[in-house]
Amino acid sequence: MFTSALFAFLHFVAVFGIVGTIFFEWQTMSRTPTVAAAKRLQLCDRWYGASATMLLIVGFLRVFYFEKGSTFYMSNPLFHAKLGLFVLVGLLSIYPTVRFIKWGPQTRQGLAPVVSESEYQRIMTLLRLEVVLLLAAALCASLMARGIGL
């Protein structure tokens, strides 16, 4: 019982980590980021990746070793929808992550990255989409936990 509760807690921590980092990126991203802001975005994006990795590992452990058992989850279309939404969020996060990584040489030299208007708009659109899809995944999780979709 304690282990199950611990893994549920870790699952929530990972979810909050993802949501928090996306909101931070959304609020920090600007058309003209300073060196300090760019470094914060780079660090934040690493935390995003760590939170996403933790969510996947803990989530799968919960599916196969705790909670309702893998049969419950694998037979529930909402579980598949939630997982699909999470994968889609991960795919959408690739572009901002690559951009933040490419700022590395500039930020290490103390230079602010140059962000074109189209790049800024693309990153902001992707971050907004990630938030919407995460909300949809949370809805799937809530419905699934109540046995809806079976």
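Visitor: What makes Leu56, Phe60, Phe64, Tyr65 and Met74 a nonpolar surface patch?

Guide: In this predicted model, these residues make a nonpolar patch of about 500 Å². A patch takes residues with over 30% relative accessible area and no salt bridge; nonpolar side chains (Val, Leu, Ile, Met, Phe, Trp, Tyr) are joined within 5 Å, like charges within 9 Å. Areas come from the Shrake-Rupley method with a 1.4 Å probe, and for residues only the protein chains shown count as cover. Helix α2 gives the largest share, four residues.

Visitor: Why is phenylalanine 64 called partly exposed?

Guide: Its relative accessibility is 44%. Buried means under 20% relative accessible area, exposed over 50%, and partly exposed in between (1.4 Å probe, protein chains only), so phenylalanine 64 counts as partly exposed.

Visitor: How do you know that glutamate 117 and arginine 31 meet in a salt bridge?

Guide: A salt bridge needs a side-chain nitrogen of Lys or Arg within 4 Å of a carboxyl oxygen of Asp or Glu; here N to O is 2.8 Å, so the pair qualifies. Glutamate 117 is in helix α7 (residues 117–145) and arginine 31 in the loop between α1 (2–28) and α2 (35–65), so parts 86 residues apart in sequence are tied together. Helices (H or I, at least four residues) and strands (E, at least two) are DSSP runs, numbered from the N terminus.

Visitor: Which residue forms a salt bridge with glutamate 119?

Guide: Arginine 99 does, with the closest N and O atoms 2.6 Å apart. Both residues are buried.

Visitor: How are residues numbered, and which atoms count?

Guide: Numbering runs from 1 along each chain as its sequence is written, and side-chain values use heavy atoms, without hydrogens and water. Local features need pLDDT of at least 70, side-chain atom pairs count only at pLDDT 80 or more, and totals for chains, interfaces and linings use all residues.
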